[in-house]
Amino acid sequence: MATNTFLPPIMKAWTFSQPGTHRQVLSQTTVPTPNLPTGDEVLIKIEYAGLSFGDLKTMGLIPSFLRTKNSVPGTDYAGVIIAKGPLAPSKFEIGTEVFGTLETDSKRHGTGALCEYICLSTSSNNIVAPVPSNMTLQEAGAVAIGGLMAMLICKNGGIKEDCGIRMLVHGSSGQCGTAFIQVAKAMGAKEIVATCSTPNFDMVKRLGADVTIDYRKEAPFSEYLAKEYGDRKFDIIVDTVGAQDVYTHSPAFLKDDCVYVNIGDYTNGLFRTVFHWFVNLYWPQWLGGTPRRFIMFGPWETPKVIDPLTKLMADGKIKPVIERTVAFDQVLEGYDVVATKRTRGKVMVKVASS
Ligand SMILES: NC(=O)c1ccc[n+]([C@@H]2O[C@H](COP(=O)([O-])OP(=O)(O)OC[C@H]3O[C@@H](n4cnc5c(N)ncnc54)[C@H](OP(=O)(O)O)[C@@H]3O)[C@@H](O)[C@H]2O)c1
């Protein structure tokens, strides 16, 4: 049931109206506050939002005519329910701390998390989940999209107790990699080989990696993998970097019937990336295509895995890695860090001022 919650008519938000880099197009402004919830909606006062590289991609790529003017970026959030519609499930009481991610369409509609309030339907592809009692709002918000992606990939990849699966996580120290290592280990991966820079070795080992490789020291990297792992190939490779060279050489270190999962990057520029996706997915082997299954992984089915993810969080098996937390007026500085592609875990924004 909706309350008589006092809501200001406008709220602070970061918005952009045309494509470009965050420094070119993003500014702090005010936008109308959402209406009070109806149906199965809940109104959330956002306490923390997470910054992702995906925000920067969509900010730079989606042309103005395909999106709402004054788009608010941001996918991950954590906050408190301050009003609910009459049909919202009973687990979402007013005052419940929740965290989650916003559905992909929010990027096109410009209804992201870098603002003070958000109104979400609890039966849509938006994720709204109660924060486990052993975690703070900030911690739960930092798990969100990375944890969900990791859980989806592990479930689809058949990772479970005694599965015996050995995996390579390429790009293991960022938001997705740090979540992936923990989820895969907790679910039963036998051995995790993780790539990152040497200063991040200790961190990824603490999270569950069995072996660490500095991709910068072992160049050319795919030759190194072929030499080291040619006689004990991996059962799955998860690539958070978008390393085309690693995929095309993967038959030398990935088993025949196994999968190369790319979670999507534009390291080589948009057009080359799209060209590579196309070739990797459709180019036939008899014309020189790489004889390993390639999957471009997206967040489309995340509602299916929020419950098992929340259980792992409640069991203390996932500890979010937070690179830093910036104030709401420092979002540009936060995105500067994300844009380096060298973050250790997640960059968070403290949205609420108290
Ligand atoms: N498809 C989806 O639904 C989805 C969802 C979330 C994210 N994503 C995408 O997934 C990608 C990864 O996101 P993220 O937030 O985890 O990235 P990130 O936080 O920027 O992490 C990248 C990590 O990869 C390592 N790295 C950087 N350059 C590398 C290179 N040339 N070779 C090997 N490793 C390298 C870095 O490790 P060191 O610093 O240790 O060197 C860094 O920690 C992004 O493109 C993001 O947009 C996709």
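**Notes on the model**

Tutor: Leaving aside its neighbours within four places in sequence, lysine 346 is in contact with Gly50, Leu51, Ser52, Asp76, Ala142, Ile145, Gln175, Val321, Ile322, Glu323 and Arg324. Contact means heavy atoms within 4.5 Å. One caution on the source: this is a predicted model, where local features need pLDDT of at least 70 and side-chain atom pairs count only at pLDDT 80 or more, while totals for chains, interfaces and linings use all residues. Residues are numbered from 1 along each chain as its sequence is written, and side-chain values use heavy atoms, with hydrogens and water left out.

Student: Is lysine 346 buried or exposed?
Tutor: Lysine 346 counts as buried, because its relative accessibility is 1%. The cut-offs: buried is under 20% relative accessible area, exposed is over 50%, and partly exposed is in between (1.4 Å probe, protein chains only).

Student: Where does lysine 346 lie?
Tutor: In strand β15. Strands (E, at least two residues) and helices (H or I, at least four) are DSSP runs, numbered from the N terminus.

Student: Switching topic. How is the protein chain divided into domains?
Tutor: Domain 1 covers 10–135 + 320–350, and domain 2 covers 146–296. The bounds come from an automatic or database domain assignment. The domain centres, taken over C-alpha atoms, are 28 Å apart.

Student: How many residues of each domain are in contact?
Tutor: 14 residues of domain 1 are in contact with 16 of domain 2.

Student: Now helices. At what angle do α2 and α11 pack?
Tutor: Helix α2 (residues 53–61) and helix α11 (residues 331–339) pack at about 100°, with axes 9 Å apart. Axes are lines fitted to C-alpha atoms, for helices over the stretch in contact, and angles run from 0 to 180 degrees between N-to-C directions.

Student: What does that make them?
Tutor: That angle makes α2 roughly perpendicular to α11. The classes: under 35 degrees is roughly parallel, over 145 roughly antiparallel, 65 to 115 roughly perpendicular, and the rest oblique.

Student: Which residues make the contact?
Tutor: From α2, Phe53, Asp55, Leu56 and Met59; from α11, Tyr335, Val338 and Ala339. They divide into 6 nonpolar, no polar and 1 charged. Here Ala, Val, Leu, Ile, Met, Phe, Trp, Tyr, Cys and Pro count as nonpolar, Asp, Glu, Lys and Arg as charged, and the others, Gly among them, as polar.

Student: And α7? Which of its residues are buried?
Tutor: Helix α7 (residues 221–229) has Phe221, Ser222, Tyr224, Leu225 and Tyr229 buried. They sit on the same side of α7, because they cover an arc of only 155° around the axis. The arc is that of the directions from the helix axis to the C-beta atoms.

Student: What do those buried residues pack against?
Tutor: β8 (166–170), β9 (191–196), β10 (211–214), β11 (234–239) and α8 (244–248). The face of α7 turned away from the buried side carries exposed Glu223 and Lys227.

Student: What about the peptide bond from alanine 219 to proline 220?
Tutor: That bond is cis, with omega near -10°. Proline 220 lies in the loop between β10 and α7. For context, most peptide bonds are trans, and most residues other than glycine have a negative phi.
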